[in-house]
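Here is a friendly walk through some strands and how they pair. Have the sequence and the model open side by side as you read.

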Amino acid sequence: MNRFSSFVLTAVVILTGSCMNSKPPVGVLPEPGELGRLYILNEGVMGMGNSSIDFYDFADGTYVTDAFPAANPDVPFGLGDTGNDLAVYGGKLWAVMNGSNLVEVMDALTIEHIMDIDVPACRNITFSGRYAYVTSWAGNVSDDGDRTGMVYRIDINSLSIAGTVEVGYQPEDIAALDGKIYVANSGGMTDGYDNRLSIIDEESFSLERTVEIAANICDIAPDAYGRLWISSPGDYYSVHSGIYVYDIASGTVLKSEPGAVLQSGAGVSFKSESGANILPEWINDIRVSSMYSTGSHLWVLGNENEWDYTAGAGKYCLYTIDCQALTMTRTELSRTGAESISNPYGIWVSPDEKTIAITDAASYTEPGYILFLDANLNFVSSFQTGFLPGHFAVLE
């Protein structure tokens, strides 16, 4: 028996079926294309060192929890503290461990530890060619926020740091497209908020320019039509969360105006009377807590009652945006197979859009859940996860 087979047998395996909702599945979970395994990074409770990695096997429908210790019995302290991002690239599984100030690099199949790369207060990761790019707050998480952040460049072969670039305050998500690196700066630890998108030229690895988007920007989701959909949690008091759109070709932030007219052509867009590219008015009504892009569509989880902390007051919704037609469908989670979720936390959608995974943070201090839905948003199956399941990566 090889090491990987032994590891799977010793890991905790939960068979297919619902472990939190007793009603029978309405749909049948399909295998999304050629995908083999969906990894889930459970963030863990900050400071507790209980981050973990689970995975769902599309071939046989098994769900494996807390896989890292089983694959790495000789690694002390386990995966680490406060997992913030997860990715598969170059045959490796990359976990960004914010609280542990490192990027954990593993074999993508066996989950065996390869190396830790020190990156202070690391946040998110993306890849282009032979490099990984990681955002960093450039200091301990507990430090004050009056320090600009950095982007670290890591050679994926030598696993050594190949340079840094200074960006804005508390950089969060990062995306690499067509020779440019885009960084969302939140400024969430400053007295106010940062509102800038930093644009780095990949060839020279230097800051090219910044673009003002909105206060406290966080996630970046590229679509297949040359746009970046960028989220902001707002200020948690007077400014609601929302989505903003940056058009790469024109280098402009698209605005919403009444009376937009749909234009046909190579790329569907809305035009103002002056001919400028704009967005339909519904963009202003979206509340966003997490989102995921399949290229043609953007999938958004949000709470329409985000400032109402009364128990049971949240009206959680799934917004599905057609990024080409620029249309939006809003569905309350209570009307889907995910009606049992108490605190929606993360979302993943297969490339063929036939499988939707939504995670539940539960009470934030106990294990959460992951629910799988089919293309019609019917319940398929659910599994108990680790603490705060929120990030995904696919092994084909």
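Predicted model: local features only at pLDDT ≥ 70, side-chain atom pairs only at ≥ 80, totals over all residues.

In which sense do strand E15 (residues 196-201) and E16 pair, and over how many bridges? The two pair in the antiparallel sense over 6 bridges. In E16, leucine 207 is the bridge partner of isoleucine 200.

Residues are numbered from 1 along each chain as its sequence is written, and side-chain values use heavy atoms, with hydrogens and water left out. Strands (E, at least two residues) are DSSP runs numbered from the N terminus, and two of them pair if DSSP finds at least two bridges between them.

E15 and E16 belong to an open sheet of 4 strands in the order E13-E14-E15-E16, with antiparallel pairing. Strand E13 (171-177) and strand E16 (206-212) are the edge strands, each pairing on one side only. From one strand to the next, the twist averages 20 degrees, taken between N-to-C directions of lines fitted to C-alpha atoms, on a scale from 0 to 180 degrees.

Now look at strand E2 (residues 37-42), where 6 of 6 residues are buried, meaning under 20% relative accessible area with a 1.4 Å probe, protein chains only. Arg37, Tyr39 and Leu41 point one way, and Leu38, Ile40 and Asn42 the other. In a regular strand the side chains alternate between the two faces of the sheet.

E2 has these pairings:

| Partner strand | Sense | Bridges |
|---|---|---|
| E3 (residues 52-57) | antiparallel | 6 bridges |
| E32 (residues 389-395) | antiparallel | 6 bridges |

Leucine 38 stands opposite tyrosine 56 in E3, and leucine 41 has histidine 391 as its bridge partner in E32.

Terms used
Buried < 20%, exposed > 50% of the residue type's maximum accessible area, 1.4 Å probe, protein only.
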